[in-house]
Structures are given as C-alpha cells and as structure tokens.
Amino acid sequence: MASDRKVDIQTHRLSDDQYQQNFSDVKPALTAYQAHIESNRCLYCEDAPCISACPTRIDIPSFIQKIANNNTAGAAKTILDANILGGSCARVCPTEILCEGVCVRNKDPEYAPINIGRLQRYALDNFNPSEHPFQRLPNSGKKVAIVGAGPAGMACAHHLARQGHHVTLFDKNSKAGGLNEYGIAHYKMQDDFAQKELEFILEIGGIELKTQAELGHSVHLDTLRQEFDAVFLSLGLTKCKRLGLEQDNLSGLENSLDFITDIRQAEDLSNLPVGNKVVVIGAGNTAIDIACQTKRLGAEQVTLVYRRGVDNMSATHKEMEFARQNGVAIITWARPVSIFTNNKHQLIAIQFERTQLDDAGKLQSKQEHFELAADSVFKAIGQEFDGQCFSGSEAPELLHHRIKVDSDYKTSLSNVWAGGDCIYHDGEDLTVQSVEHGKQAAYSIHQYLEQQSHG
Amino acid sequence: MADLTNNFIGIKSPNPFWLASAPPTDKAYNVYRAFDAGWGGVVWKTLGEDPHVVNVSSRYSAHKLQSGSILGINNIELVSDRPLQINLDEIKQTKKDWPDRAVIVSLMVPCEEQNWQQMLQRVAETNCDGIELNFGCPHGMPERGMGAAVGQVPEYVEMVTAWCKKHTRLPVIVKLTPNITNILLSATAALKGGADAVSLINTINSITQIDLDTMAGAPSVGGKYTSGGYCGSAVKPIALNMVGQIARNSETSSLPMSGIGGVTTWKDAAEFIALGAGNVQVCTAAMLYGFKIINELCDGLSNWMDSKGYRNTEAFRGLAVPNLTDWQYLDLNYKIVASIDQNTCIECGRCYSACEDTAHQAIAMKMGDKGKRTLEVIESECVGCNLCQITCPVPNCITMEKRETGKSYMNWTQHPNNPFKG
Ligand SMILES: Cc1cc2nc3c(=O)[nH]c(=O)nc-3n(C[C@H](O)[C@H](O)[C@H](O)COP(=O)(O)OP(=O)(O)OC[C@H]3O[C@@H](n4cnc5c(N)ncnc54)[C@H](O)[C@@H]3O)c2cc1C
Ligand SMILES: Cc1cc2nc3c(=O)[nH]c(=O)nc-3n(C[C@H](O)[C@H](O)[C@H](O)COP(=O)(O)O)c2cc1C
Ligand code: SF4
C-alpha cells in the first residue's frame, strides 16, 4: 500500500434531501388506520407468550385490545405501568427476538407477528395526558442516590419516586438519557425523543437531576453511601475494548460509539466528515449501527468484518438483513492483524487473517491474509465496565469485569444496588433489559427502606 | 353444470337471486344496472299512495365488529318517496325491456279494501309478475296505521291478503315481519288469506348504537333518533329460524317461501333453500358491495351444487327440514369430544381460557421447553359443547369427534330425570 495514499474523509457527501431521507425514522409511527388494522389482528391469547418474552412484562394483549377499542389512554397507562420507558423501547427493542419473536401469529404458516413495537409506539405517541399518569405517594423522608441517568437509572428513579422517596440522579454527561441520548442510532430515535421522555419521567416529582457529576471525580461512592439511605449504580459500559492495534498519533482507527454520539448530537449531519471506504470490526448492535449510519452518511464502501460466523453474531437476523439492505458488505471468519498508514500517520488499509475453529472449538488462524483499503476503521468489539469510578472508595465486588449483583440487584456493598449494562447478567445488553433491572432494583430498595423505617 | 333457473310460484327467473324491496330496487336506473349485472329478479321498492312520503336525511347506521367488519345495518327509510305514476311507468318499461327477469311490485296501502283494489288495478297494468305485500316495515309507516301494525296482527294479515287475492290475478307474496313472538301465527294467517307465498324476514326493530358524546343514537337526525330496521349478516340466524319453523310446521309446510335476511354469500342462500325456501332475496349485501356480488353468488352456488350432484335447486330444497326437531327429541346418548390438531395449533391458548373460565375445565395447557405450550383435551371432562372449536382462530385446528357410548338412542321424553316422563 503506497505510503502517500491520500485519505478520503469528507463532509457534504450528499445533498440535503439525501441526508434528510437517510436519517428519517426507519420505523415510522403507525397511522390511526394502520393501528386499527394491526390491533385487531391480535388474538388476545391466554397467558400470552409475548408477555413473558418482554423483559418488563408489559401486558401486551391488554394494551393492544385497548387500542382496538379506542381506549388509547388506557393502552398507554398499561404500557407505562410496566415500563416507564415504553416509548424508547417501542423504538429500539429488537422485537424480533423479544415479544414479536414468540407471537403465535409468527408461526407456521402465517409468520406474520403482530407489530407489537409499533402499536406500543402508537399508544404512547397518542397519549397526551393533562397530568402525569402516576401519582407520587407522600414523602417517605428517604433519600436514594442513583448514579448514571441511562434507561436503568431513569426507570429506577421513577419507581422510587412513585413510592415517595426522594431521588438524586447523577450523571457525568451534560445531558441525561445515557445511550438513549448518545448511542441509539439516529434513525431509530428522532425529534429529541430521549430528552422528551426524560422530562416526562421527571414530571412525577421528587427526582433531582444533577448532570456533569462524575462518580470517581466530583462524587464518591463512600460519601453517597453515607449521605443517602441507598445507592443505585447504573453506570453503563463506558470503556471501549482494545483491538491491540491501537497506536499513538494514529488517526483513522476510531471507537464506534464516539462517532455514533457525534451523529446523534450533530445539528447538521452534512458537516460530519465521513470516510469513503469504511471498515467496521465487530458484529453486534453497535457494529450494525455504525456500518449503516456511515453508509447513510455517504460512504461508498462499508465492510463489516467479524472473526466468527453469522450464527455467532450478537446482532439479530433482522439487523443483519437491515445492514445488507443498506449495502453493507459482510465478511465473516476474519480478524484484523495489522494496519497500514501513510506518511501522515493516517490509516489507509487494514490487514486481516482468515480464521476457523480448531477441533476443540477454539478460534485459530487459517494462515491466509487479505487487505482492505480503508479511510477509517471503526472498532465495535464491545464496551467494558470502567471500574475507575470507584477509585478512593470501597468498591463493590465484580464478576467477569462487571458489577456482581444478587437476584435483587443488590451488590456486595450493604446499601448499594446496581443494574443495567454495568452488571453481570444472563440477558442481552438491551434498553428494555436495563429498564427492568432499574424497576426490580427499585422494588428491592423500596422494601429495604420500608424495613428501615419500621425496623 | 347445475341449472340455476328458478320457478317460484310460477314466476320464472334465470337464477334464484332476487333483490329485495329496498333502495337497490328503488327506480329503473338501479334495476337496469342490477339486471345488467345478472340478478334474477327484483322486488320493486314498496309503493304507497300519493302524495308520496318524504324521507329524512341521515338514514342508515351500522353495527360493526371492533375490527370494522359490518355485522348489520339499520335504516329509517320509508316506502318509495317518488310519485306513484313514475314508479308504475318505470316498472312497465322495465318488464318490457327485461322480459326474462322477475319483476315483483311491493305494496303498502292504507288498510281499506277499496284502496287496495284501486292500487292493484294500477299495478296490474305494469305487466309485473306478482305483488308482495309489505306488512313488515317496522318504522315510520306503522305510526301511520300501516306496515308492521298490519303484519303484527294475524287477523289483518289474513284480511288484507284475502282482499288482494280477490282483486288481482297476480301471484300474491306476503312479506312477514320478524317483530312478533311466533312467526307461525303470521304465516298461518297469510295462508288462510290465500297467499301464494310468504317472504321473510323484513327488518328487525333496533337501535344500533349511541354516540356517547352527543347521547344520540344513530342514524341521528339533528340529535334525535328513532328505532330503525335491522338487517344484514347479523339477522341471518333469526331469519333461518323463522323459515325453518314455517317449513317444519305441518299446517304451513306447503307454503312457498322466499328467504330473506342477511344473505351475503352463496352458502347463505343454499342454507335458506335447504330449509325450504324456493328462492332468496338480498338487500344489505348488495348495498354494501354492489350488484357485482351476483357473480359470486351464482358461481359459488353452482359449483357447490355440481360438487354435490344437485342438478337444480329443487334437488336440495328442504333437505335440512326433516332434521330440524324439538330439543326433547335430541339423542342424549350422542357424544362428541374436542380434538386439537397439534400440527396446526399456534398455542394461542384461547381454547384454554374459554374452557377453563367458562366451560368445563377440559383443556390442559402444558408448558414445555423454550416456551412451547401444548393444549390438550381432557376427554373425560369434555361435554362436547363446541366452545373451544368456536373460539379457535385456526380453521379446522379443533375438531369435534364422535365417541361411541355404546348406549342406544334416548331422548328427554324417555329420560329417568324427566319428571314428566310418561
Ligand atoms: C451503539 C449502541 C446501539 C444500541 N442500540 C440498541 C438498540 O437498538 N436496542 C436496544 O435495546 N439496545 C441497544 N443498545 C444497548 C442499550 O443502549 C443499553 O443496553 C442501555 O442503554 C443500557 O442502559 P444503562 O442505563 O445500563 O446504561 P447507559 O445507557 O449506558 O447509561 C449509563 C449512564 O451512566 C453515566 N455514567 C457512566 N459512568 C458514570 C460515572 N462515573 N459517573 C456518573 N455517570 C456515569 C453515563 O453518562 C450514562 O448516562 C445499544 C447500545 C449501543 C452502544
Ligand atoms: C334501506 C332499506 C330500505 C328498505 N325498504 C324496504 C321497503 O320499502 N319494503 C320492504 O318490504 N322492505 C324494505 N327493506 C327490507 C329489505 O327488503 C329486506 O327484507 C331486509 O333488509 C333483510 O334482508 P337483508 O338482510 O338482505 O338486507 C329495506 C331495507 C333497507 C336496508
Ligand atoms: S368442547 Fe367445550 S367442554 Fe369440550 S374441551 Fe371444548 S370447550 Fe371444553
């Protein structure tokens, strides 16, 4: 690869109309007529499988029935009671592996599940209550600190506020919302929805939001544990995993999440510089999102490379299909081994070796290599929990590099609970899963606080 | 190919489908379109005396399923609101232009013999094939001493029928109202009056809905409403029952019947004929889907008849009548049980809810691996009520299977639990 090769990273690759089109809602809201047709397809199953498949156990047949009989407000309350972030979940949940995956209408010979996610969005989009739908119980006098205002933190805060406790919600960023604000693909969450939902959650009262307050810097766990009756940690995964090819001064090897955040926060997408040839390493949600979004920003060639096979990918089949529809090329069984730079320390190409499984099922090199020219390479190989935030305080026990909790989401520390992506758990790292953690932890914290008052 | 031609009390038509007296047959324009489309006959929209009535604006309303499908509609229209002579002239021209189709004239006249006599004379001049006496229209006209008022009093039915028979040589069909408790009384009255046939049913008194904002029913005429006549699919079971009761009653069984009420598909028509009707009349289905449905009606009926080897409608007419009996003669030792086809079951569990909550706890829902659910019938508990089969959304997934009880026929009149057993 010639070391004087110029890197092609540019803004304004597309017309304004194209940006507009490429970043509009991928799953737009249903019209009233569509919702009418779709809601009437629901069979109103006994002990419906979709309910158990929803991590927050929304009573799906009930809310759909309510939409069908023109009781949209009732539908919205049914959803929000189980999942206060029902609005964002409706937009971001991979429903194909959750509720819709088990819908009885998804079976042979029909294979056409009820569009539960979009009906959920319909109910909530059309819900305009004159006052917050949940009432706060009288002030309990108890105080809870929640660190991390992502889905887990917000859900926990709302449930505790409902019980009359006072919550202080800390976040290191200037805007709360966690990945809802900074990570979810632009075309899944539009019109500043994350902030609107946050405002809705705060309406209940009794939640004090403190942004730009970082645990480990301006706030410390030890102090929180003393000043508050309980602490809930919902810190997410903030550290990017390393590929091993990182070099100082190198440009062109990027963390996906940083660029995804730029896309989410951009006031004008045409001002975002994007490479012409893009390589994405990884095969999860994030990999799909960065690949599709760079393609939609005008990159000509986007290639997603994964070291294992399609079946091992954590992205769902539907997401893979979406990537293909977006024109993303997918290469499996290959891992990066070295990068090439030009004389300006800019990445210009990346070399891969082909992989296979050995007899013991371990990944091994096939000793075959290939190169891909690239203007930028995005790492999407996962995020890690950053334990730095506990420096100077007693830290909770970790398990597989994440916070260890029991079935009540309690950590090893006496008055500290945790949930969301930052804990070690069986499920996938999903928004809806985090909401459930927050909700369950709130139940447990509430019980604990009750015992404290009576005990 | 089955022969669909029809001969109803001597009135011939190319098929057994007539349009019932209603807006589809209100004037020549509609009737010509209907005949063009292939309808076998029409019963012209009921004629009254001049000066003609006037209708309100806002006339129909519907009773719909939540999904939006229409169960039935109701209406508050009166008889024809056009001058009598215009109708008569059009009828005459229609019959001239369509000699192979049946053209029947429906009449509603004040309850005086001379009024009927005069009207019948004028109608005879149109060369129509017969008359239908509208005693049934349940709204508007009764308040004015006509319509249902006559139809609800058997003596009047008999009297007016007799007048008509006396003053016309045309076949007389008496249209029966369902707004009575025992249809046999009206049918017998028509028979005694000399009717050549009865047609049934006319519409059923109804209020379809209340607008909860305005607190007015529908159709709402400036916020006020009145009972309307209900018709369409929803009334078919009621109409079939009345047809069946007339057919199996020894006194009325020979009375020719034109079946009306909710006929929407060929199967509905075949059912009326199987219960003894000589032909059928259709109104709502045509109003909702247009005259083109005649293609599906004729084609469906003809194909089904071919599949059964029925050469004409007479070949199966009345075949369901002998099986219609009174409850006390049903075999108490006949036993069926539900059977769920596991291959087509989609595990919705509706049969479970139905049986567990409201029937006999005869379905077990077993949880298996990976959320798999198996719905199984506990035969010993199943009484064979059919509820699970009815609620199952998958066609033919639940079937009712016969079980031999080894016991011979025994009905309630023979049962030891019957206190009145002889
Ligand atoms: C690119 C991407 C796309 C995704 N797409 C989807 C999707 O389509 N559907 C889906 O269901 N899931 C998706 N996910 C996963 C989903 O976003 C997460 O599972 C979910 O947001 C986790 O919620 P959380 O509250 O645990 O953490 P986060 O949303 O990560 O929130 C953690 C919060 O803690 C704050 N914080 C962290 N450290 C500190 C500290 N030291 N002091 C103070 N505050 C701190 C952060 O600022 C942040 O606000 C995606 C994830 C990524 C990365
Ligand atoms: C709008 C409307 C007007 C009707 N007008 C008359 C009428 O003038 N005379 C009459 O005998 N029946 C009238 N009917 C009753 C129909 O002829 C028919 O008996 C009834 O609708 C049941 O049939 P269906 O279910 O096919 O509609 C009317 C029905 C409707 C819907
Ligand atoms: S037929 Fe009735 S009793 Fe038998 S299983 Fe079905 S619902 Fe239960």
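**Entry 1: a charged patch**

I started on the surface, where A:Asp16, A:Asp17, A:Glu267 and A:Asp268 gather in a patch of negative charge. My rule for a patch: its residues have over 30% relative accessible area and no salt bridge, and like charges are joined within 9 Å. A salt bridge would be a side-chain nitrogen of Lys or Arg within 4 Å of a carboxyl oxygen of Asp or Glu. Asp and Glu count as negative here, and I placed each charge at CG of Asp or CD of Glu. Areas come from the Shrake-Rupley method with a 1.4 Å probe.

A note on what I'm looking at: this is a predicted model, where local features need pLDDT of at least 70, side-chain atom pairs count only at pLDDT 80 or more, and totals for chains, interfaces and linings use all residues. Residues are numbered from 1 along each chain as its sequence is written, chains are lettered from A and ligands numbered from 1 in the order in which they are written, and side-chain values use heavy atoms, with hydrogens and water left out.

Helices (H or I, at least four residues) and strands (E, at least two) are DSSP runs, numbered from the N terminus. A:Asp268 is partly exposed at 39% relative accessible area; buried means under 20%, exposed over 50%, and partly exposed in between.

Most residues other than glycine have a negative phi, and most peptide bonds are trans. So I looked up the exceptions.

A:Asn70 has a positive phi of about 60° without being a glycine. I found A:Asn70 in the loop between helix 4 (60-68) and helix 5 (72-82) of chain A, and it is exposed at 72% relative accessibility.

A:Tyr111 also isn't a glycine, and its phi is positive at about 50°. Its loop runs between helix 7 (99-102) and helix 8 (116-125) of chain A. With a relative accessible area of 55%, A:Tyr111 is exposed.

**Entry 2: cis bonds in chain B**

The bond from B:Asp50 to B:Pro51 is cis, with omega near -5°. B:Pro51 sits in the loop between strand 4 (41-47) and strand 5 (60-64) of chain B.

From B:Ala218 to B:Pro219 the peptide bond is cis, with omega near -10°. I traced B:Pro219 to the loop between strand 13 (216-217) and strand 14 (228-231) of chain B.

**Entry 3: an asparagine in a strand**

Is B:Asn75 buried or exposed? At 14% relative accessibility, B:Asn75 is buried. It belongs to strand 6 (residues 70-75) of chain B. The side chain of B:Asn75 reaches the backbone nitrogen of B:Glu77 at 2.9 Å.

How values were computed: Patch = residues over 30% accessible without salt bridge, like charges linked within 9 Å, V, L, I, M, F, W, Y side chains within 5 Å. Buried < 20%, exposed > 50% of the residue type's maximum accessible area, 1.4 Å probe, protein only. Polar contact = N/O pair within 3.5 Å; in protein donor to acceptor, adjacent residues only side chain to side chain.
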